[in-house]
Amino acid sequence: MMDNSNLIREIKDLQAAKNAIIMAHYYQNSEIQDIADFVGDSLALAQKAVDTDADIIVLAGVNFMAETAKILNPSKKVLLPDLEASCSLADSCPADMFEAFVKAHPGQTVISYVNTTAAVKALSDITCTSSNAMQIVESLPRDEKIIFGPDRNLGNYIKSLTHRDMLIWDGACHVHEEFSLEKILELKQVHPDAKVLAHPECPKPILIVADYIGSTAALLQFSKTDTANAYIVATESGILHRMQQESPYKLFIPAPPKDSTCSCNDCRFMKLVTLQKIYDCLNNENNEAFLDEALRLKAEKPIRRMLEISNKLRLM
Ligand code: SF4
């Protein structure tokens with residue numbers, strides 16, 4: 001076993017030799033974020049996957065992210081450091097059940113979160129992320145009937161803001177479901193000036209007490225530009241590393257989970273990735289994402305549609 005500094009050097013050498021890029025999600029451990037060429041949320045990772053000219057993409061994230069990168073880059077090798085890195089939200093929406101749900105409600109436009117398998121994307125008209133869900137919904141005509149899946153908390157939040165006709169799949173993420181309202185309120189008593197930042201995948205009672213609600217990227221941006229000195233952060237704990245880097249003199253407190261004996265505000269799937277696994281998959285070029293071409297083509301359409309809308313809005 002190499003120590004971390006040797007591992008990092010070896011990874012960098014392999015990257016240069018193989019023209020590989022390491023892309024990491026904000027929920028990765030700090031040492032993974034620090035060696036990545038690019039760190040972002042799901043939307044930014046999908047956008048970067050379109051832009052990169054690397055031959056190999058190492059996706060330090062979870063399975064659906066590697067799949068999304070492969071869908072957008074069929075000619076490239078996309079490697080996932082740990083094949084067990086699934087996602088409880090994606091798992092809460094099995095494709096066969098989602099297909100039956102869609103068929104039971106014909107004529108509705110299907111919006112699925114990117115946190116889904118390729119098979120669920122292939123059943124969708126358009127994908128979204130928490131960064132652009134609102135714009136994607138609002139890009140549709142006002143009277144359009146919408147099926148939204150799989151996150152019920154994000155779906156209900158967007159429905160409450162847009163007042164659209166949305167039928168929502170009953171799925172959730174194990175991290176965002178577990179925050180304790182009681183403990184957040186206790187923390188507020190100890191830090192009365194701290195603002196509560198919450199991801200819209202959190203249940204409604206947490207969103208009600210939040211001072212700011214937004215995607216991971218939006219929470220990061222808010223924490224940089226806002227004038228408060230302390231924040232209680234109700235999303236996966238990995239983002240605190242970047243928040244602290246961007247605002248070294250501010251205090252960031254992870255929102256506690258209901259069960260104080262577990263570290264439930266760590267995504268157990270994201271945290272499977274290690275430097276050693278990144279080195280191994282890059283060295284051996286294994287753990288490659290593969291997709292049936294017919295499925296890939298079907299799953300690509302809703303992602304491209306999302307990217308078109310997002311890019312158009314970025315340019316406006
Ligand atoms: S934090 Fe939740 S939604 Fe994100 S990858 Fe982990 S399980 Fe999936």
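Q: What makes helix 1 roughly parallel to helix 14?
A: The axes of helix 1 (residues 4–18) and helix 14 (residues 275–284) come within 10 Å and cross at roughly 30°. Angles under 35 degrees count as roughly parallel, over 145 as roughly antiparallel, 65 to 115 as roughly perpendicular and the rest as oblique. Therefore helix 1 is roughly parallel to helix 14. Axes are lines fitted to C-alpha atoms, for helices over the stretch in contact, and angles run from 0 to 180 degrees between N-to-C directions. This is a predicted model: local features need pLDDT of at least 70, side-chain atom pairs count only at pLDDT 80 or more, and totals for chains, interfaces and linings use all residues. Residues are numbered from 1 along each chain as its sequence is written, and side-chain values use heavy atoms, leaving out hydrogens and water.

Q: Which residues make the contact between helix 1 and helix 14?
A: Helix 1 supplies Asn-4, Leu-7, Ile-8, Glu-10, Ile-11, Leu-14, Gln-15 and Lys-18. Helix 14 supplies Leu-275, Gln-276, Ile-278, Tyr-279, Leu-282 and Asn-283. Contact means heavy atoms within 4.5 Å.

Q: What makes strand 7 and strand 8 a pair?
A: Four bridges join strand 7 (residues 145–149) to strand 8. Two strands pair if DSSP finds at least two bridges between them, so strands 7 and 8 qualify. They run parallel. Lys-145 stands opposite Asp-165 in strand 8.

Q: Why are strand 6 and strand 8 placed at the edges?
A: The open sheet has four strands in the order 6-5-7-8, with parallel pairing. Strand 6 (126–128) and strand 8 (165–168) each have a single partner strand, so one side of each lacks a neighbour in the sheet. The twist averages 30° from one strand to the next.

Q: Why is Thr-216 called buried?
A: Thr-216 has 2% relative accessibility. Buried means under 20% relative accessible area, exposed over 50%, partly exposed in between (1.4 Å probe, protein chains only). Therefore Thr-216 counts as buried. Thr-216 is in helix 12 (residues 216–225). Beyond residues up to four places away in sequence, Thr-216 touches Tyr-26, Tyr-27, Asp-41, His-199 and Ile-239.

Q: How do you know that helix 4 is mostly covered?
A: Nine of the ten residues of helix 4 (residues 63–72) are buried. Among them are Phe-64, Glu-67 and Lys-70.

Note on methods. Helix = DSSP H or I, 4+ residues; strand = E, 2+ residues; numbered from the N terminus.
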